[in-house]
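Please load the model in a viewer and keep the sequence panel open beside it. The stops below are given in the order in which they may be selected.

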Amino acid sequence: MEHCAACGTPEQQKKLKAVIESSRSTPGCLMHILQEAQAIYGFLPIEVQKIIAEGLGISLSEVYGVVTFYSQFSLKPKGKYRISVCLGTACYVKGSDKILEEIEKQLGIKCGECTEDGLFSIDSCRCVGACGLAPVLMVNDEVYGKLTPDMVKGILDSYKGENK
């Protein structure tokens, strides 16, 4: 297979093909392979899904159906710092929509996008189970609660500072 940017590096393709080869005989292996592929690439572009479909001898639509059904999988690249703003009822009532707007303003991207430098991506979620801390956002696995829009810049700056 020839190299294409969306397919990743030859090393990534080699790792993915090794995962497919070692798992293909296990019934129900698609979820495991998709999780491994996302760990290798950071997301699951259609080109990677094609490699998986071909490797397992299944249709691309079957792979795509699983990828788009489960929220753990992403069709777009994610940043080094994945920001997730809770828009569940408790957080929304306490202003999480304003938190999301402020993050979008500070980073110059919209929900579902990634900054050009690959540092940050923004998503929303329905509940992180920290309703008592509403409104809440997460950066990777770190939870920030009882937020106000004026706290956003400081949180983002702390992550930008790590990368200077």
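Select Asn140, which is placed in the loop between β3 (137–139) and β4 (142–144). In this predicted model, the phi angle of Asn140 is near 55 degrees, a positive value in a residue that is not glycine. Is Asn140 buried, partly exposed or exposed? Asn140 counts as partly exposed because its relative accessibility is 26%, and that class lies between the cut-offs of 20% and 50%.

Next, move to Lys146, in the loop between β4 and α7 (152–161). Here too the residue is not glycine and phi is positive, with a value near 50 degrees. The relative accessible area of Lys146 is 53%, so Lys146 is exposed; the cut-off for that class is over 50%.

Now select Ala134 and Pro135 together and display the backbone. The peptide bond joining Ala134 and Pro135 is cis, with omega at about -5 degrees. Pro135 belongs to the loop between β2 and β3.

For the last stop, turn to the largest pocket, which holds about 650 Å³ of space. Which elements give two or more residues to its lining? They are α4 (60–69), β1 (81–86) and β2 (120–125). The lining comprises 22 residues; to find the centre of the pocket, select Ser71, Gln72, Phe73, Lys78 and Asp123, the lining residues that lie nearest to it. Colouring the lining by residue class gives seven nonpolar, ten polar and five charged residues.

Notes
Residues are numbered from 1 along each chain as its sequence is written. This is a predicted model: local features need pLDDT of at least 70, side-chain atom pairs count only at pLDDT 80 or more; totals for chains, interfaces and linings use all residues. Side-chain values use heavy atoms; hydrogens and water are left out. On a 1 Å grid over the protein atoms alone, a cavity is a set of points where a 1.4 Å probe fits but cannot get out, and a pocket is an open set with protein on both sides within 12 Å along at least five of seven lines; lining residues have an atom within 4 Å of a point. Grid points are joined across faces, edges and corners, and a volume is the space filled by probe spheres set on the points. Helices (H or I, at least four residues) and strands (E, at least two) are DSSP runs, numbered from the N terminus. Ala, Val, Leu, Ile, Met, Phe, Trp, Tyr, Cys and Pro count as nonpolar, Asp, Glu, Lys and Arg as charged, and the others, Gly among them, as polar. Buried means under 20% relative accessible area, exposed over 50%, partly exposed in between (1.4 Å probe, protein chains only).
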